[in-house]
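This report describes the fold, the packing and a few local features of one protein chain. The sequence and the coordinates are shown first.

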Amino acid sequence: MSTICDIDDTLLRKGIYPIQHVIDAVNKMQPLILVTGRPASDRARTEAALKAAGVQYQRLMMVPSDITDPVGRNKWKLKLALSIPDAAVAIDNDASMRALYSKSIPRVLDPAKM
């Protein structure tokens, strides 16, 4: 069973600063698939920040670069997450995303409570 996890304000603050207690927890929840609203054009920068923070993930799923509005990005995040057939856990700092995930994913966590 896979764990899906957001990046911004879930694993990293301000794009680069590790939220260590969450990283420590998710590194134990393998396989870990990152699903982010970041545009695909930011892949190299995102991968570098995740590596520097010590995040151990199997896959990084990003929103197409032409989707720029926050609502569109959240819709894409949900679509990406639901494409993972064995997703059993979802972790996201955004309450609206947690509410969407909870309709299809058995366990949904707020990183602030981990």
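Which residue in strand 5 does isoleucine 33 stand opposite? In this predicted model, the residue opposite isoleucine 33 is arginine 59.

## Sheet

Strand 4 and strand 5 pair in the parallel sense, with 5 bridges between them. They belong to an open sheet of 5 strands, ordered 5-4-1-6-7 and paired in parallel. Strand 5 (59–63) and strand 7 (107–109) stand at the edges; each has a single partner strand, so one side of each lacks a neighbour in the sheet. On average, neighbouring strands of this sheet are turned by 20° against each other, direction ignored.

## Helices on the sheet

Helix 2 (residues 43–53) lies across strand 4 and strand 5, and its direction is at about 140° to strand 5. Helix 3 also packs on the sheet, where it touches strand 1 (2–5), strand 4, strand 5 and strand 6 (87–91). The direction of helix 3 makes about 160° with that of strand 4.

Lysine 77 is part of helix 3, which spans residues 70–82. Lysine 77 counts as buried because its relative accessibility is 4%, below the 20% limit. Its side chain forms a polar contact of 3.1 Å with the side chain of aspartate 6. Apart from residues up to four places away in sequence, lysine 77 touches Asp6, Val35, Thr36, Gly37, Val63, Asp92, Met97 and Tyr101.

One of these contacts, threonine 36, lies in strand 4 (residues 32–39). Threonine 36 has 0% relative accessibility and therefore counts as buried. The side chain of threonine 36 reaches the backbone nitrogen of arginine 38 at 3.1 Å. With neighbours within four places in sequence left aside, the contacts of threonine 36 are Asp6, Ile7, Asp8, Leu60, Met61, Met62, Val63 and Lys77.

## Nonpolar cores

The largest nonpolar core has 21 residues, of which Leu11, Val26, Leu34 and Val55 touch the most other members. Helix 1 (20–26), strand 4, helix 2, strand 5 and strand 6 are the elements that give two or more residues to this core. Valine 26 is in contact with Cys5, Leu11, Leu32 and Ile91, leaving aside its neighbours within four places in sequence.

## Backbone features in loops

Where is the cis peptide bond? It runs from glutamine 30 to proline 31, with omega near 0°. Proline 31 is placed in the loop between helix 1 and strand 4.

Aspartate 9 is not a glycine, yet it has a positive phi of about 65°. Aspartate 9 sits in the loop between strand 1 and strand 2 (12–13), and at 44% relative accessibility it counts as partly exposed. Lysine 14, also not a glycine, has a positive phi of about 50°. The loop that holds lysine 14 is the one between strand 2 and strand 3 (17–18). Lysine 14 counts as exposed because its relative accessibility is 76%, over the 50% limit.

Technical notes. Residues numbered from 1 in each chain as written. Predicted model: local features only at pLDDT ≥ 70, side-chain atom pairs only at ≥ 80, totals over all residues. Heavy atoms only, no water. Helix = DSSP H or I, 4+ residues; strand = E, 2+ residues; numbered from the N terminus. Buried < 20%, exposed > 50% of the residue type's maximum accessible area, 1.4 Å probe, protein only. Polar contact = N/O pair within 3.5 Å; in protein donor to acceptor, adjacent residues only side chain to side chain. Contact = heavy atoms within 4.5 Å. Pairing = 2+ DSSP bridges. Axes fitted to C-alpha atoms, helices over the stretch in contact; angles between N-to-C directions. Core = buried A, V, L, I, M, F, W, Y, C linked by side-chain atoms within 4.5 Å.
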